[in-house]
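Here's a quick walk through one model, with a look at a helix, the packing and some ring geometry. Have the viewer open as you read.

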Amino acid sequence: MQQQRVPTPVTGSSALSPLERTEDHRPPARPGGRPRSRPPLPDLAWLPLLLGLGLWTYGLPRIGFRTMGEYGLLDRLPAVFFAALLVLTGGFLLALRRAGTAPWWPAAYCVAMLLALKAPPAVLYDSVRYPWASKHDAVVGTLLGNGELRPHASLSGNMSAYDQWPGFFGLNAALVRAFGVESAAAYLNWAPVVLGLLLLPVLVLLYRTFTEDWRLVWTGVWIFQLANWVGQDYLAPQGFAYLLHLTVLTVVLRHFVLPGSAGRLRDRTFLDPAAAAVPPPTGRRQRAVCLLVLAPLIVAINASHQLTPVMLCVSLFALILTRRYRNYGLLAMAGALMLAWDLTMGRPLFMETLGTLRESLGELTRNSRAGYAGQLTGPGPELAGRANVSMVLAIAVLAAAAVFTRRRLTRSALPLLLVSAAPLPLFAVNDYGGEMLFRVYLFGLPGAAFFAAAALVPAAGARRDASARSGTVRRRVARVALPVSLVALAAGFLPSYYGKERMNYTPPAETALVTRAIDRAPEGSLVLAATGSFPMALHRYDRLEHWFFAEQELPANERMLADPARYLADGIPPGTRAYVVLTRTQDIYTAGEGLLPPGGFATLRGELAASPLFTVVEEHPYGVVLEYRTPAR
C-alpha cells in the first residue's frame, strides 16, 4: 500500500494569496516590539475622479479644434485639459492602493481616462473624424441601397475588398436600421470610446488569467489605453475584428489548458507572488464545447477583416509551443475557416495578394515602413512620428525589464508573451499597404502592456528574508517610477494621437463641396484627386471611377508637377467625363505625409485652374472642382 504524501505547509507571507498580501502593509515594529500605529486613511478615491471629470468637462468647449495649426490639436488644448489628465492619473494611483478590496475604483478611473483621451472628437466635431472613415459609411450606405453583395465586381478605389469581407458592414447596416438614423456617420465618431469600453472586460479577464494582483491588472489596462494611439479603433473592420480576436484568445487561455500540463506552475512556492495559478484543465468534451462557442466568433473575424484571421492563426500556433495549450484541433479549425473564406468570398483579393508575395517576401525594411511612400513633414507630423517611436520603445523597454527581472512571473505568463511576439514574423511577408508596422504593434500591445505594468508594480508581500533589502529598494523605486511612467505615457499619447489632427478634422463646408461635386458627376465618370484621404472621397463609389494620382513616390510627384495638366490629361481614358477635386484636407495630408514638396499642392491647384484643358466648376476657400475638357474629335 502506497504511503500518502503529506503536503509541506508553507509559512510566512508566501502562504498568503496575492490579494491578502496586497492589503498587508503593516508598518515596522518600534524598538520596544509594538507595531507603530497608523491611522486608517479615509477613502477619498472618488474625489480626484469627480475633480478630474469636472476639469475635463470645463475644458472641453475651450478646445479650439476649428483653428488648429501645424501642431494639430496639441496647442489648442487648454491648460485645464492637461490638469484633468494629471488629476485622473493621481486618482488612479490612489485607487491602486486598495485595488484588492475595491477594484471598482481603478475601473472607474480607467473608464474616465478613456473618455478624457478619446471622447473630445465625438463630443466636439461637427464632421466625421478621419476623412477615410467616410468610405466605411459609404459602404454601409451602398449595402443598404443595393441590398446585395458583389464580391466579384470590379470597383475602383480598392473597394471590392469591402464586399468580399462584409461582416462588419452588414452589422452596421443593421445598426443604422435599428437606430433609425440616416447613416453610420451619426455615431461614427463614438467608435473609439465604445470599442474601448468593450475591450475593458476582455483585458481584465485576460490579465486575471496570469495574475491575482488587482494592481497589476488595472495598471496593465491603464498602460494599454495610453499606448493604444495607433488609431485603428475608429469605425472600421480592424477595430471590430481586434475585439473578437482578443475575446477568442482570452477564452482559449482560460479554458483550453490540457490536463497534466501545468507541472510546478500550480505550486505557489514556485510562482511569482503576484502570479495566478494555471487555470483548471479541461477535458476533450469541454474543449469541444468551447470550440463550438468560438466557431461563430472566428467566422465573424474571417467575414470582417483580411489580416486579423492571420494574426489569430499565428497566435494559436505560438500557443502550441507551450505544453499547456497544445490544441492542434483549434488551430486547424481557425486555419480551415480562414482558407475557406479566402478561397471563396475573398478569392479575388487573396489571389492578388499571393501574386505580390514574390516581391515583398523577406523585404523587412520595406515591409516595416509606415505610410505610402513619403516622410512625415511639418512640426505636428514630425512630432507625432517621434512620439510614436518613443512610445513603442518605452513599452518595449518596460516589458523587457519585467521579462528579465520577474522571471517567475514570465514563466507562468509565457503564453501571453508568446502571443505578443507572434505577429513579428509578418514583417517578412508583406507591408499591408504601409500599415504592417502599426498592426504588429497593435496585436502585440495587450501582452506588452501587461509586462510593462509588471515592471512598474512590485510584487506585494515578497518574502522577508535575505533579499528583503532588495525588495524594499524595488518598492521605493516603484513609488517613483510608476507615477513618472504613467505621466510620461500620457504625455506621449497626446502627440501620437492628436499631433496630426489637422488631417483628421474636416470642416463641414469642405464635405458639402465634395458631396455636390460627386453628386453632379454622371455615372461612369472618373474622379481625380491628389489622395483619397478627404471626406466623401468614395461617395457613390459603385457608380464612378477614381484616380488618386499623388499616392506614389515623391520623385514621381515632382515630375508630375512639371506639367500637371498634361500629366492628368494623358491618364484620362479617351471619351471619359472626368472631374478633379482638390480640397484643403488633401493639401494638409499630402504635405504632412511628404507626398508633395512644400508648396506643391498650391502649384498643382494653380496650374490646373489656369490650364485650357480644365474648366473650374466650383471654387471655394476649402477647395476647387474642375472638369476636364474632352478634346473634340
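## Ground rules

This is a predicted model: local features need pLDDT of at least 70, side-chain atom pairs count only at pLDDT 80 or more, and totals for chains, interfaces and linings use all residues. Residues are numbered from 1 along each chain as its sequence is written, and side-chain values use heavy atoms, with hydrogens and water left out.

## Helix 6

Helices here are DSSP runs of H or I with at least four residues, numbered from the N terminus. Helix 6 covers residues 134-146, and its 13 residues should span 18 Å at 1.5 Å a residue; the end C-alpha atoms are 18 Å apart, so the two agree. (The expected span is 1.5 Å times one less than the number of residues.)

Its buried residues are Ser134, His136, Asp137, Ala138, Val139, Val140, Thr142 and Leu143. Buried means under 20% relative accessible area, exposed over 50%, and partly exposed in between, using a 1.4 Å probe and protein chains only. Helix 7 (160-164), helix 8 (167-179) and helix 11 (237-255) are among the elements covering them.

## Cores

A nonpolar core is a set of buried Ala, Val, Leu, Ile, Met, Phe, Trp, Tyr and Cys residues joined through side-chain atoms within 4.5 Å. The largest one has 160 residues, and the members touching the most others are Tyr207, Trp218, Ile223, Val252, Leu316 and Phe450. Helix 20 (residues 436-456) is the top contributor, giving 14 residues.

Take Ile223: leaving aside residues up to four places away in sequence, Ile223 touches Ile395, Ala449, Ala452, Ala453, Leu456, Leu486 and Leu489. Contact means heavy atoms within 4.5 Å. There's also a second, separate core of 22 residues, including Met560, Val580, Leu582 and Tyr628.

## Rings

The structure holds 22 aromatic pairs. Rings of Phe, Tyr and Trp (its six-membered ring) pair if their centres lie within 6.5 Å; planes under 30 degrees apart are stacked, over 60 edge-to-face, and the rest tilted. Phe81 and Phe82 are edge-to-face, at 6.2 Å centre to centre with 85° between the planes. Phe81 is buried at 0% relative accessible area, while Phe82 is partly exposed at 33%.

Trp214 and Trp218 are stacked, because their ring centres are 6.0 Å apart and their planes sit at 20°. Both lie in helix 10 (residues 214-227), four residues apart, about one turn. Trp214 is buried at 18%, and so is Trp218 at 5%.

Key: Helix = DSSP H or I, 4+ residues; strand = E, 2+ residues; numbered from the N terminus.
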